[in-house]
Amino acid sequence: MPVPGASLIEVRDLVKVFRGKKGGVRAVDGVSFSCRKGEIFGLLGPNGAGKTTTLRILSTSLKPTSGSAVLAGHDVLREPNDVRKKIGFLSGATGLYGRLTGREMIAYFGRLHGMSEAAIRERTDRIVQLLGMAEFADRRNDKLSTGQKQKVSIARTIVHDPEIMIFDEPTSGLDVITSRTIVDFIRSCREEGKCVVFSTHIMSEARKLCDRIVLIHKGRLWAEGTPAELCARAGTEDLEDAFIKLVQLDREETA
């Protein structure tokens with residue numbers, strides 16, 4: 001495993017408030033962290049904790065209410081187009097065009113990133129082989145299984161070979177075999193020296209994958225460390241038990 005290098009993501013005091021008729025909901029509340037090349041950094045917490053909102057801000061699809069996020073030297077508010085060139089963003093929702101084939105979908109996103117046709121063909125062939133897509137790459141996306149669609153989603157996310165990968169619950173709703181393929185791919189991103197941010201509510205997945213983790217609950221960052229450090233701090237062997245205990249300890253300390 002490569003030694004983590006320079007920091008590629010710097011998040012400082014990030015806040016996102018969603019305003020409605022009954023007032024504001026603070027979905028992200030003063031979150032700060034950094035992520036380096038060659039490491040998998042986990043955002044761990046239950047559904048509704050603020051993980052997806054945080055990652056959508058990093059992907060430039062949401063604007064923060066306050067605070068800052070800088071990716072590969074580019075600010076998400078001032079330089080969103082530059083940020084998008086540096087990242088690949090994958091969620092559990094596939095969001096594919098049903099009438100296109102997997103190969104056509106990859107090519108479409110390659111053109112969006114300004115790649116040449118020759119580079120698109122070369123990169124597509126490599127990705128199809130990497131993800132084991134040969135048997136369905138030329139099938140229409142609306143004819144594919146859920147797992148096959150997720151592989152196409154990964155392919156169109158990485159066609160421009162980004163140095164920062166952001167995964168938001170990427171194995172949600174998938175079978176065991178497809179989930180394992182995606183987990184192995186995330187590991188391969190680390191081996192290539194990419195900066196990886198990985199969001200999940202599945203504690204066992206986080207423990208196996210992540211070099212460092214932040215625990216997020218109700219929009220706040222409750223603890224940060226390696227999986228082993230978090231378990232040691234909580235006095236548990238199980239990461240789920242550690243999460244629950246650390247949230248309770250923080251409440252007691254700030255009460």
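**Entry 1: α3 and α5**

In which hand of crossing does α3 pass α5? I looked, and α3 passes α5 in a right-handed crossing. For my own notes, a crossing is right-handed if the near helix is turned clockwise from the far one by less than a right angle, and left-handed if anticlockwise. Helices here are DSSP runs (H or I, at least four residues), as are strands (E, at least two), and they are numbered from the N terminus.

Before going on, I remind myself that this is a predicted model, where local features need pLDDT of at least 70, side-chain atom pairs count only at pLDDT 80 or more, and totals for chains, interfaces and linings use all residues. Residues are numbered from 1 along each chain as its sequence is written, and side-chain values use heavy atoms, with hydrogens and water left out.

Back to the pair: the axes of α3 and α5 come within 8 Å and cross at roughly 25 degrees. That makes α3 roughly parallel to α5. The axes are lines fitted to C-alpha atoms, for helices over the stretch in contact, and angles run from 0 to 180 degrees between N-to-C directions. Under 35 degrees counts as roughly parallel, over 145 as roughly antiparallel, 65 to 115 as roughly perpendicular, and the rest as oblique. From α3, I find Gly102, Met105, Ile106 and Phe109 in the contact, and from α5, Val152, Ala155 and Arg156. Contact means heavy atoms within 4.5 Å.

**Entry 2: α4 on its own**

Next I turned to helix α4, residues 117–130. This helix has 14 residues and reaches 20 Å from its first C-alpha to its last, close to the 20 Å expected at 1.5 Å a residue. The expected span is 1.5 Å times one less than the number of residues.

Which residues of α4 are buried? I noted Ile120, Arg123, Thr124, Ile127 and Val128. Seen down the axis of α4, these buried residues fall within an arc of 135 degrees, so they line one face of the helix. The arc is that of the directions from the helix axis to the C-beta atoms. A handy reminder: an α-helix has 3.6 residues a turn, so residues three or four places apart point the same way.

On the other side of α4, I see Arg121, Glu122, Arg126, Gln129 and Leu130 exposed. Buried means under 20% relative accessible area, exposed over 50%, and partly exposed in between (1.4 Å probe, protein chains only). Ala119, also in α4, counts as partly exposed at 28% relative accessibility. I also checked Ala119 against His160: they are 41 residues apart in sequence and 9.3 Å apart in space, C-alpha to C-alpha. After α4 comes Gly132, with a positive phi near 65 degrees.

**Entry 3: what α4 packs against**

The buried residues of α4 pack against α3 (102–112) and α5 (146–158). For α3 and α4, I find axes that come within 10 Å and cross at roughly 135 degrees. The two helices α3 and α4 are therefore oblique to each other. Here, too, I note a right-handed crossing as α3 passes α4. Arg103, Ile106, Ala107, Gly110 and Arg111 in α3 meet Glu117, Ile120, Thr124, Asp125 and Val128 in α4.

**Entry 4: α5 and α6**

How far apart are the axes of α5 and α6? They are 10 Å apart, and the helices pack at an angle of about 15 degrees. So α5 and α6 are roughly parallel to each other. Their crossing is right-handed. I list Gly147, Gln150, Lys151, Ile154 and Ile158 of α5 in this contact, with Thr178, Thr181, Ile182 and Phe185 of α6.

While in α6 (residues 176–191), I looked up Ser179. Ser179 is buried, with a relative accessible area of 13%. Not counting residues up to four places away in sequence, Ser179 touches Thr171 and Leu174.

**Entry 5: α1 and some positive phi values**

In helix α1 (residues 51–58), 6 of the 8 residues are buried, so α1 is largely enclosed by the rest of the structure. I wrote them down as Lys51, Thr53, Thr54, Leu55, Ile57 and Leu58. Just after α1, Thr60 takes a positive phi of about 75 degrees.

Where does Glu169 sit? I found Glu169 in the loop between β7 (164–168) and α6. Its phi is positive, about 50 degrees, although Glu169 is not a glycine. At 12% relative accessibility, Glu169 counts as buried. Asp13, in strand β1 (residues 7–20), also has a positive phi, near 50 degrees, and is a residue other than glycine.
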